[in-house]
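This briefing goes through one protein model, topic by topic. Keep the sequence and the 3D view open while reading.

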Amino acid sequence: MDETGRRGCGACREGEYGRPLGMAFQPIVDVHTRQVFAFEALVRGPEGESAGSVIASVIPEQLYAFDQACRIAAIEQAAALGVEHVPALSINFMPNAVYEPRACIRATLETADRVAFPPERLIFEITEAEAVRDPRHLTRIVEAYQAMGFRTALDDFGAGHSNLGLLAQFRPDIVKLDMMLIRGIDQDMRRQALVRACVGLCAELDITLVAEGVETGAEYASLLSLGVRLQQGYLLAKPAFRSLPTPVFQSEIADARRRVA
């Protein structure tokens with residue numbers, strides 16, 4: 001570990017986060033097979049309080065400890081619900097809390113080993129807005145995680161500080177299209193053109209594409225017609241606190257699936 005990493009880890013130990021955390025789980029669904037591709041773990045308070053209220057209580061000195069606590073809570077609670085029901089677990093992480101990837105992953109690996117959760121099923125997901133703050137640092141993390149056998153996901157792609165340069169600098173295993181690209185896509189030719197381009201780009205780069213924030217049958221059908229088979233959103237299943245929700249395929253979704261099959 002370099003000197004920056006040693007200083008960072010020393011600071012990490014000083015900023016504790018001792019509050020209990022709950023997790024809600026939302027499935028990412030392969031709409032062709034109707035199977036769950038992965039569950040995303042979403043932080044909540046111990047009684048289901050919103051992520052916003054939890055994150056608002058975290059001070060900068062607690063950033064590392066909070067990131068570690070989220071990882072541990074996600075793995076523990078997913079395992080408690082049945083490892084056999086979790087084909088993959090997507091955990092949001094904070095790159096600015098990772099000083100040295102291999103050192104900062106230790107608690108995650110220890111937790112996975114303790115609860116018998118296969119580490120190869122872990123996906124580390126980062127929002128694009130967070131990623132662009134220091135692309136070189138993020139690249140080091142992604143490369144280290146991939147070398148250890150983990151998958152990585154770039155969340156909220158196409159929103160805010162969208163930067164195709166991130167895909168040139170490193171290759172995540174998964175790209176998640178931001179819900180602002182998805183909303184009303186069935187009525188918006190521009191959004192359709194952008195998503196169609198993303199489908200082609202990810203296919204050429206061998207990146208798995210996910211559409212998040214799918215809320216209507218029309219959005220579902222439009223995405224499916226564009227070749228987006230992995231979808232996540234309230235239409236299929238809302239996040240469930242401390243449980244693994246089963247995706248619901250309503251009749252309008254089934255009809256859309258038949259039309260584009």
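Is Arg114 buried or exposed? Arg114 is exposed, because its relative accessible area is 53% and the cut-off for exposed is over 50%. The model is predicted. The protein has 261 residues, and 51% of them are buried.

**Overall make-up**

- The protein contains 12 helices and nine strands.
- The protein exposes about 12,300 Å², and 51% of that area comes from carbon and sulfur atoms.
- Of the contacts between residues at least 6 apart in sequence, 71% join residues at least 24 apart.

**Salt bridges**

- There are nine salt bridges in the structure; some of them are described here.
- Arg114 and Glu76 form one of them through their side chains, with 2.7 Å from N to O.
- Arg114 belongs to helix α5 (residues 106-114) and Glu76 to helix α3 (residues 63-80), so this pair ties together parts 38 residues apart in sequence.
- Glu76 has a relative accessible area of 31% and is therefore partly exposed, whereas Arg114 is exposed.
- The side chains of Glu40 and Lys176 also meet in a salt bridge, at 3.0 Å from N to O.
- Glu40 is in strand β2 (residues 35-44) and Lys176 is in strand β6 (residues 174-177), so the pair ties together parts that lie 136 residues apart in sequence.
- Both partners carry charged side chains in a salt bridge, yet Glu40 counts as buried at 5% relative accessibility and Lys176 counts as buried at 1%.
- Glu40 and Lys176 belong to a network of salt bridges that also links Glu125 and Glu212.
- Asp30 and Arg229 make another salt bridge with their side chains, at 2.9 Å from N to O.
- This pair links distant parts of the chain, 199 residues apart: Asp30 is in strand β1 (residues 22-30), and Arg229 is in the loop between α11 and β8 (230-232).
- Asp30 is buried, because its relative accessible area is 13%, while Arg229 counts as partly exposed at 33%.

**Nonpolar cores**

- Nonpolar side chains tend to be buried together in soluble globular proteins.
- In this model the largest nonpolar core has 65 residues, and Leu21, Leu89 and Phe117 have the most contacts inside it.
- Helix α3 gives the most to this core, with 10 residues.
- A second, separate core has eight residues, among them Ile28, Ala88, Ala153 and Val210.

**A nonpolar patch on the surface**

- Which residues form a nonpolar patch on the surface? Leu164, Leu201 and Leu205 do, and together they have about 230 Å² of accessible area.
- Leu205 is part of helix α10 (residues 189-205).
- Leu205 counts as partly exposed, because its relative accessibility is 30%.

**Helix α11**

- Helix α11 (residues 217-225) is mostly covered, with seven of its nine residues buried.
- The buried residues of α11 are Gly217, Glu219, Tyr220, Ala221, Ser222, Leu223 and Leu224.
- An α-helix has 3.6 residues a turn, so residues three or four places apart point the same way.
- After α11 comes Gly227, which has a positive phi near 100°.

- Ala116 is not a glycine, but its phi is positive, at about 60°.
- Ala116 sits in the loop between α5 and β4 (122-127).
- With a relative accessible area of 56%, Ala116 is exposed.
- Arg242 is another residue other than glycine with a positive phi, near 55°.
- Where does Arg242 lie? Arg242 lies in the loop between β9 (240-241) and α12 (251-260).

Methods: Residues numbered from 1 in each chain as written. Predicted model: local features only at pLDDT ≥ 70, side-chain atom pairs only at ≥ 80, totals over all residues. Heavy atoms only, no water. Buried < 20%, exposed > 50% of the residue type's maximum accessible area, 1.4 Å probe, protein only. Helix = DSSP H or I, 4+ residues; strand = E, 2+ residues; numbered from the N terminus. Contact = heavy atoms within 4.5 Å. Areas by Shrake-Rupley, 256 points an atom, 1.4 Å probe, with all protein chains shown as cover. Salt bridge = Lys/Arg side-chain N within 4 Å of Asp/Glu carboxyl O. Core = buried A, V, L, I, M, F, W, Y, C linked by side-chain atoms within 4.5 Å. Patch = residues over 30% accessible without salt bridge, like charges linked within 9 Å, V, L, I, M, F, W, Y side chains within 5 Å.
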